[in-house]
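User: Hi! I've got a structure open and would like to talk it through with you. Can we start with the overall picture?

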Amino acid sequence: MELEILGINFGCVLAALADAKIPEKDCLLPLASKLLGYAIVAASTTVKLPQILKILKHGSVRGLSVASFELEVVGYTIALAYCIHKGLPFSAYGELAFLLIQAIILVAIIYYYSPPMGTKTWMKALLYCGLAPTVLGGKIDPALFEVLYASQHAIFFFARLPQIWKNFMNKGTGELSFLTCFMNFAGSIVRVFTSIQEKTPLSGILLVLITVNYIHS
């Protein structure tokens, strides 16, 4: 029996149930992985919403590290571009697209509520707008693409450090949203399982583990 919806094959499960049997592990695990993958993608559309709403409500970015959020945008851009370039199924990386969009909105809001933007900030924004389409379109040398993808582990690592240091110096988290951090942490834990099932490259799984570790920190 073949029944495939959004790349999810329900055939083996339905066939087993029709015969009054319990579906085998080799049938259930891929199905569970796909369902969880799409669940993560759906949930990712609101992950950063609590953080955005908290800033808008208080009209303040007190305690937030601009550098941390800027580096997140760079990391998400590289990760999304690489997954698209490698032709991975959308359920294996779809959340990156929504996280990137929200991260860009978040940085824009932080800029708005921060002191007047100087030349340096404008230059960074213009540089990103100029390079991002090229990277996302995969229009760069394959060797450079691999180097960029490998560098994202360091990018996400260093993205956490400014915020951790700012929390330490302020003896508090300021306007940092606990709910956003928790949703990131939970989603990353589940993504480890789906990445293994989707046969994501080891470097991709390593990225998820790094993200889990530093969200938890």
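Analyst: Happy to! Buried residues account for 41% of the 217 residues in the chain. Keep in mind that this is a predicted model.

User: How many helices and strands does the chain have?

Analyst: There are nine helices and two strands. Reading from the N terminus, the order is β-β-α-α-α-α-α-α-α-α-α.

User: And what share of the contacts joins residues at least 24 apart?

Analyst: That share is 78%, counting contacts in the chain between residues at least 6 apart in sequence.

User: Let's look at helix packing. At what angle do helix 3 and helix 5 cross?

Analyst: Roughly 15 degrees, and their axes come within 10 Å. Helix 3 covers residues 49-58 and helix 5 covers residues 94-113. Because angles under 35 degrees count as roughly parallel, helix 3 is roughly parallel to helix 5.

User: Is that crossing of helix 3 and helix 5 left-handed or right-handed?

Analyst: Left-handed.

User: Which residues make the contact?

Analyst: Helix 3 contributes L49, Q51, I52, I55 and L56, while helix 5 brings Q102, I105, L106, I109, I110 and Y113. By class, this contact of helix 3 with helix 5 has nine nonpolar residues, two polar ones and no charged ones.

User: Switching to cysteines: how many disulfides are there?

Analyst: The structure has zero disulfides.

User: What about C83, buried or exposed?

Analyst: C83 is buried, because its relative accessibility is 8% and the cut-off for buried is under 20%.

User: And C129, buried or exposed?

Analyst: C129 is exposed, with a relative accessible area of 54%.

Notes
Residues numbered from 1 in each chain as written. Predicted model: local features only at pLDDT ≥ 70, side-chain atom pairs only at ≥ 80, totals over all residues. Heavy atoms only, no water. Disulfide = S-S within 2.5 Å. Buried < 20%, exposed > 50% of the residue type's maximum accessible area, 1.4 Å probe, protein only. Axes fitted to C-alpha atoms, helices over the stretch in contact; angles between N-to-C directions. Helix = DSSP H or I, 4+ residues; strand = E, 2+ residues; numbered from the N terminus. Parallel < 35°, antiparallel > 145°, perpendicular 65-115°, else oblique. Left-handed = near helix turned anticlockwise from the far one by under 90°. Contact = heavy atoms within 4.5 Å. Nonpolar A, V, L, I, M, F, W, Y, C, P; charged D, E, K, R; others polar.
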